[in-house]
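Here are some notes for a colleague opening this model for the first time. Please have the structure open while reading.

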Amino acid sequence: MQRRYITVDVFTDRAFGGNPLAVVLDAGGLTTAQMQSIATEFNYSETTFVLPPRDKMNDAEVRIFTPVRELPFAGHPNVGTAYVLATLAKEPKPRLLFEEKAGLVPVDIRREQGRVVSTELTAPQALTRASKLSPAEVAACLSLSAEDVTADRHAPEVVGVGTAFVVAELRSRDAVRRAKPDAGAFSRVLPRDGAFAIYFYTRDVPAAEALCDLQARMFFPGSSGLIEDPATGSATVAAAALLAELEPARDGELKLTIGQGFDMGRPSMLLTRVRKEGGSILSAHVGGQCVQMMEGTFQLAGEG
């Protein structure tokens with residue numbers, strides 16, 4: 001059986017920027033082991049597999065795999081998969097609903113003159129906050145000094161809106177730039193409360209990057225050791241929700257534009273917004289643009 005796939009660069013408006021994603025469109029009949037093997041073969045940070053929905057009121061079941069494990073939810077796979085499906089759709093919809101292990105994920109589609117220009121997901125779960133880490137623990141994982149990590153606004157901690165991450169703030173853009181993953185420290189500190197990765201950001205944004213409110217990076221275990229992700233929507237929306245929760249007196253819609261991937265040559269722009277009312281978070285969102293890159297078909301050995 002020939003199975004079609006399309007690859008897109010997510011959270012960017014130009015080719016070879018953002019975060020690559022492979023979307024397997026004809027995933028029916030594949031086993032979990034086969035999906036994992038295909039994702040390992042693509043070797044992107046994530047690969048998605050599109051299946052018929054269990055509930056006909058929804059648009060698809062979407063399963064998300066890194067090269068080493070399945071994820072219950074992730075950001076750029078939803079944004080990119082929605083872009084692909086919306087672009088292929090014969091009947092345009094303003095919103096797609098994806099069934100995922102973390103729950104139902106709505107993704108809104110923005111079009112201009114009939115063309116899909118961006119997509120935006122709504123996080124499937126409320127913000128969860130788990131254990132806190134010391135600045136020294138996070139610094140060791142990033143090959144930095146403890147003074148580079150600040151706990152002025154919040155301590156490094158495990159947070160998530162569907163997938164857990166350690167989120168930490170660094171004092172300077174220079175510290176973000178200098179960070180390198182330390183495998184020994186990672187193995188001592190993580191996993192922690194389901195978090196395997198560290199997402200770190202700074203408010204110290206230089207004039208040359210003034211379109212961004214924050215600059216961020218993310219290190220995580222991949223098939224070839226510790227690697228960096230160019231754009232991490234699920235960690236970004238979790239961090240945005242955390243920052244919104246830390247402003248209890250501020251209601252309304254809190255928006256942040258977050259840059260990621262700049263230090264690895266794949267600049268990404270992630271647009272977040274968090275809706276608050278009465279001091280409580282109503283919903284958290286992240287979205288951006290995508291660029292289609294490649295498409296093709298494959299057939300697994302032994303399939304007819």
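Which residue in β6 does A60 stand opposite? A60 stands opposite F98.

1. This is a predicted model, in which local features need pLDDT of at least 70, side-chain atom pairs count only at pLDDT 80 or more, and totals for chains, interfaces and linings use all residues. Residues are numbered from 1 along each chain as its sequence is written, and side-chain values use heavy atoms, with hydrogens and water left out.

2. Strand β4 covers residues 60-65, and six of its six residues are buried (under 20% relative accessible area, 1.4 Å probe, protein chains only). On one side these are A60, V62 and I64, and on the other E61, R63 and F65. Strands here are DSSP E runs of at least two residues and helices are H or I runs of at least four, both numbered from the N terminus.

3. Strands pair if DSSP finds at least two bridges between them. β3 (residues 47-51) runs antiparallel to β4, with five bridges; F49 has R63 as its bridge partner. β6 (residues 95-100) is parallel to β4, with two bridges.

4. β5 (residues 70-71) pairs with β4 in the antiparallel sense over two bridges, and F65 is partnered by E70. Four residues lie between β4 and β5 in this hairpin.

Notes: Buried < 20%, exposed > 50% of the residue type's maximum accessible area, 1.4 Å probe, protein only.
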